[in-house]
Amino acid sequence: MEALLETLLLLAREEELAAPAEPVLVNEVVSNQLDTLRFLAERGCNQTQLAEEAELRIRVPRKVLEIVLSNLIRNALTYTQKGCVTVTVTANSVRVSDTGMGMSQEELQNAFEPFFRAEPSRTVTKGHGLGLSIVRRLSRQFGWTVLTASQPNEGTSVELQFPASQLQG
């Protein structure tokens, strides 16, 4: 609940959404989020992996990146039991993949809608249904492309692709 309130306050304060002077090291943010959410991994008996194919630096507010990645990793860990969540950092993207329960194509189409919750019989946690809608809103605001894929009983993958204008070499 605290993270949700912090996110909503950030969204209300537009001045905090301006691009910083220094680029953010995405690899470090991902590593920190995996550490912060370790309790969720342990609760679900899940393994987590950070696959670093590149060192990625982007010019965006660190807090925005933390919120988006936290929501994606949290969802992956919440809907995976005794499986694996892998976060892959490439030269221009971050992909969060899990071996969880996955979603049907209809559920995937609606997953980023505010207050959407997948089929109640599959729900493993109580949530607010806002995490992915916040991801979508911030991604649109910063010009990030969000790609998703999912198969029931196999898992889900969400990839954030960053525009060249935000990348730092």
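1. Strand 3 (residues 57-58) and strand 8 are paired in the antiparallel sense over 2 bridges, in what should be read throughout as a predicted model. Within this pairing, arginine 57 is found opposite glutamine 168 of strand 8.

2. These two strands belong to an open sheet of 3 strands, whose order is 1-3-8 and whose pairing is antiparallel. Strand 1 (24-25) and strand 8 (167-168) take the edge positions, and because each has a single partner strand, one side of each is left without a neighbour in the sheet.

3. Helix 2 (residues 26-36) has Val26, Asn27, Val29, Val30, Gln33 and Leu34 as buried residues. When the helix is viewed down its axis, the buried residues fall within an arc of 165 degrees, and they therefore line one face of helix 2. As background to such a pattern, an α-helix has 3.6 residues a turn, so residues three or four places apart point the same way.

4. Strand 7 (residues 155-161) deserves a separate point, since 6 of its 7 residues are buried, so that this strand is largely enclosed by the rest of the structure. Strand 5 (residues 93-98) pairs with strand 7 in the antiparallel sense over 5 bridges, and there serine 157 in strand 7 is the bridge partner of serine 97.

5. Strand 6 (residues 145-151) also pairs with strand 7, again in the antiparallel sense, over 7 bridges, with leucine 147 standing opposite glutamate 159 of strand 7. Strand 6 and strand 7 together form a hairpin in which 3 residues lie between them, and asparagine 153, in the turn, has a positive phi of about 65 degrees.

6. Is lysine 82 buried or exposed? Its relative accessible area is 71%, and because the cut-off for exposed is over 50%, lysine 82 counts as exposed.

Notes. Residues are numbered from 1 along each chain as its sequence is written. This is a predicted model: local features need pLDDT of at least 70, side-chain atom pairs count only at pLDDT 80 or more; totals for chains, interfaces and linings use all residues. Side-chain values use heavy atoms; hydrogens and water are left out. Buried means under 20% relative accessible area, exposed over 50%, partly exposed in between (1.4 Å probe, protein chains only). Helices (H or I, at least four residues) and strands (E, at least two) are DSSP runs, numbered from the N terminus. The arc is that of the directions from the helix axis to the C-beta atoms. Two strands pair if DSSP finds at least two bridges between them.
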